[in-house]
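Please keep the sequence and the coordinates at hand while reading.

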Amino acid sequence: MPQIDLDKPIYTLGVASEMLDAHPRTLMVYEQLDMIKPQRTPTNRRRYSPRDVMKLQAIQKLTRRHGVNLAGARFILALLKELHDHEVEPPTRFRDVDVSLLTL
């Protein structure tokens with residue numbers, strides 16, 4: 001079975017926003033806030049990788065399910081990643097946020 005390249009920029013802004021059920025402008029705001037950094041084509045079009053989409057899903061879980069603002073989401077993702085990297089179990093409340101494959 002072939003491996004999926006999680007960093008290959010394959011999704012356009014429109015496709016990524018549909019996958020996430022989010023307005024394209026929302027994804028642009030996340031980019032402006034340096035929460036996500038999609039790659040760019042030679043014509044400056046955004047391309048999101050599967051890893052980018054996973055990070056956006058984690059942000060959505062924190063903001064939609066847990067009621068966290070974007071600054072809090074950034075902080076919590078960083079803490080969850082630290083816990084994961086040190087093989088420490090995350091708090092029960094945030095176990096639905098998977099950061100194992102994310103790069104922050």
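## Salt bridges, a helix face and the core

Asp 85 forms a salt bridge with Lys 81, the closest N and O atoms being 3.7 Å apart, where a salt bridge is a side-chain nitrogen of Lys or Arg within 4 Å of a carboxyl oxygen of Asp or Glu. Both Asp 85 and Lys 81 belong to helix H4, four residues apart, about one turn of the helix; helices (H or I, at least four residues) and strands (E, at least two) are DSSP runs, numbered from the N terminus. Lys 81 is buried, with a relative accessible area of 14%, whereas Asp 85, at 47% relative accessibility, counts as partly exposed; buried means under 20% relative accessible area, exposed over 50%, and partly exposed in between (1.4 Å probe, protein chains only).

The model is predicted, so local features need pLDDT of at least 70 and side-chain atom pairs count only at pLDDT 80 or more, while totals for chains, interfaces and linings use all residues. Residues are numbered from 1 along each chain as its sequence is written, and side-chain values use heavy atoms, with hydrogens and water left out.

Six salt bridges are found when the whole structure is searched.

| Pair | Closest N and O atoms |
|---|---|
| Asp 85 and Lys 81 | 3.7 Å |
| Arg 51 and Asp 7 | 2.7 Å |
| Glu 31 and Arg 46 | 2.5 Å |

Arg 51 forms a salt bridge with Asp 7, and because Arg 51 lies in helix H3 and Asp 7 in the segment before H1, the pair ties together parts that are 44 residues apart in sequence. At 16% relative accessibility Arg 51 counts as buried, while Asp 7, at 39%, counts as partly exposed.

Glu 31 forms a salt bridge with Arg 46, and this pair links distant parts of the chain, with Glu 31 in helix H2 and Arg 46 in strand E2, 15 residues apart. Glu 31 and Arg 46 are both buried, and together with Arg 40 they are linked in a network of salt bridges.

Helix H2 covers residues 24-32, and within it Leu 27, Tyr 30 and Glu 31 are buried. They cover an arc of only 100° around the axis, which puts them on the same side of H2; the arc is that of the directions from the helix axis to the C-beta atoms. The cover over the buried residues of H2 includes helix H1 (13-20), strand E1 (39-40), strand E2 (46-47), helix H3 (50-65) and helix H4 (70-85). Just after H2, Asp 34 takes a positive phi of about 60°.

The largest nonpolar core has 23 residues, and those touching the most other members are Leu 27, Tyr 30, Tyr 48, Leu 56, Leu 62, Leu 77 and Val 97; such a core is a set of buried Ala, Val, Leu, Ile, Met, Phe, Trp, Tyr and Cys residues joined through side-chain atoms within 4.5 Å. H1, H2, H3 and H4 each supply at least two residues of this core, and H3 gives the most, with five residues.

Lys 55 lies in helix H3 and is buried yet has no salt bridge, the nearest side chain of opposite charge, Asp 52, being 7.1 Å away. A polar atom of the Lys 55 side chain lies 2.7 Å from the backbone oxygen of Met 35.

Conventions:
Contact = heavy atoms within 4.5 Å. Lys, Arg positive; Asp, Glu negative; His and termini not counted. Polar contact = N/O pair within 3.5 Å; in protein donor to acceptor, adjacent residues only side chain to side chain.
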